[in-house]
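Take a look at the model below.

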Amino acid sequence: MSDSRTDNDEHNLDANQAADRRILWLVLLINLGQALAGAGVGVWASSTALIGAALDNLADASVYGVSLYAVGRAATIKVRAARLSGWLLIGLAVVLFVEVLRRFFGGEEPIGPAMMAMAAVNAALNLVCLHLLKRHRGEDVNFKASAIFTSNDSIVNLAIVLSGALVLWLDSNLPDLVLGLVVSAIAANGGREILSEAAEAAEDARSEA
């Protein structure tokens, strides 16, 4: 009887891991699409905020790839994957900060309507990703990291819609540059949160050992 329960537990675990992988593949592909479209529109529209959001989506896709690798593996591997995710996001924040400074000293005025349209589409897709991730009831550190990424993206894209409106109203690239700095700060804070979650998961793993 106990063997039967063990077999059932293993079957349920395999099914949960397969579901995890399906969710991560979906959000990975969505974020890759957002990164490609956002980068193209961002360069065309001369928008630092959109380029930053595209880099963020690319970082997200990388994190989801790392999370896919970690599914079903040992707790220590999951912690290392989460740490990689955190440092990747902090690296993105630094790159975006440098880009904002470069554009501050010489850059074209962004196209407000293009910023607003692309950001609105991204915000809707982020909500889809967040819904998919929230359906996962586990406490896996990499899913927590993925949810943090996606929540940050939703906030950023809603802010880009507002920034696009301000660009049109003020006829200036300053709102776009300010938002670029905000995106950089949000990305750095998200990386800090993920590293904190990874530290807690590592502590839990040591206490259970």
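## Helices and confidence

A helix here is a DSSP run of H or I with at least four residues, and helices are numbered from the N terminus. By that rule, Ala-165 sits in helix 5, which covers residues 141-170. The model is predicted. The protein has 6 helices and 0 strands. Along the sequence, the pattern reads α-α-α-α-α-α.

How confident is the predictor, on average, in this protein? The mean pLDDT is 77, and 80% of the residues score at least 70. Among the elements, helix 4 (residues 112-134) has the highest mean pLDDT, at 86. Helix 1 (residues 2-45) has the lowest, at 75. Where pLDDT is low, the predicted coordinates should not be read in detail.

## Transmembrane regions in the record

An unreviewed UniProt entry lists several spans under "transmembrane region".

Residues 84-105 are 95% helix and 0% strand. The end C-alpha atoms of residues 84-105 lie 33 Å apart. Residues 154-170 are 100% helix and 0% strand. For residues 154-170, the distance between the end C-alpha atoms is 24 Å.

## Inside and outside

The protein has 209 residues, and 44% of them count as buried.

What share of them joins residues 24 or more positions apart? The share is 85%.

## A buried threonine

Thr-48 belongs to helix 2, residues 48-70. Is Thr-48 buried or exposed? Its relative accessible area is 1%, under the 20% cut-off, so Thr-48 counts as buried.

Which residues does Thr-48 touch, leaving out those up to four places away in sequence? The list is Leu-96, Glu-99, Val-100, Arg-103, Asp-176, Leu-177 and Gly-180.

## Pairs apart in sequence

Ser-154 lies in helix 5. Ser-154 is buried because its relative accessible area, 10%, is under 20%. Beyond its neighbours within four places in sequence, Ser-154 contacts Asn-126 and Leu-127. Ser-154 and Leu-125 are 29 residues apart in sequence. In space, their C-alpha atoms are 8.7 Å apart.

Leu-26 is part of helix 1. Its relative accessible area is 45%, so Leu-26 counts as partly exposed. How many residues separate Leu-26 and Leu-133 in sequence? They are 107 residues apart, yet 9.9 Å apart in space from C-alpha to C-alpha.

Back to Ala-165. With a relative accessibility of 31%, Ala-165 is partly exposed. Ala-165 and Pro-175 are 10 residues apart in sequence. Their C-alpha atoms are 9.1 Å apart in space.

## A nonpolar patch on the surface

Some nonpolar residues form a patch on the surface. The members are Val-94, Phe-97, Val-98, Leu-101, Phe-104, Phe-105, Leu-174, Val-178, Leu-181 and Val-182. Together they have about 940 Å² of accessible area.

Which helices each supply at least two residues of the nonpolar patch? They are helix 3 (75-104) and helix 6 (174-208). Helix 3 gives the most, with 5 residues. Val-182, one of the patch members, is placed in helix 6. Why can Val-182 be called partly exposed? Its relative accessible area is 37%, which falls between the 20% and 50% cut-offs.

Most residues other than glycine have a negative phi. Here are two with a positive value.

Ser-46 is in the loop between helix 1 and helix 2. Its phi is about 55 degrees, though Ser-46 is not a glycine. Ser-46 is buried, at 10% relative accessibility.

Asp-171 is in the loop between helix 5 and helix 6. Asp-171 also has a positive phi, near 55 degrees. Is Asp-171 buried or exposed? Its relative accessible area is 55%, over the 50% cut-off, so Asp-171 counts as exposed.

Technical notes
Residues are numbered from 1 along each chain as its sequence is written. This is a predicted model: local features need pLDDT of at least 70, side-chain atom pairs count only at pLDDT 80 or more; totals for chains, interfaces and linings use all residues. Side-chain values use heavy atoms; hydrogens and water are left out. UniProt positions are given in the numbering used here, feature names are shortened, and annotations may be inferred rather than shown by experiment. pLDDT is the predictor's confidence in each residue, from 0 to 100. Buried means under 20% relative accessible area, exposed over 50%, partly exposed in between (1.4 Å probe, protein chains only). Contact means heavy atoms within 4.5 Å. Patches are made of residues with over 30% relative accessible area and no salt bridge: like charges are joined within 9 Å, nonpolar side chains (Val, Leu, Ile, Met, Phe, Trp, Tyr) within 5 Å. Accessible areas come from the Shrake-Rupley method with a 1.4 Å probe; for residues, only the protein chains shown count as cover. A salt bridge is a side-chain nitrogen of Lys or Arg within 4 Å of a carboxyl oxygen of Asp or Glu.
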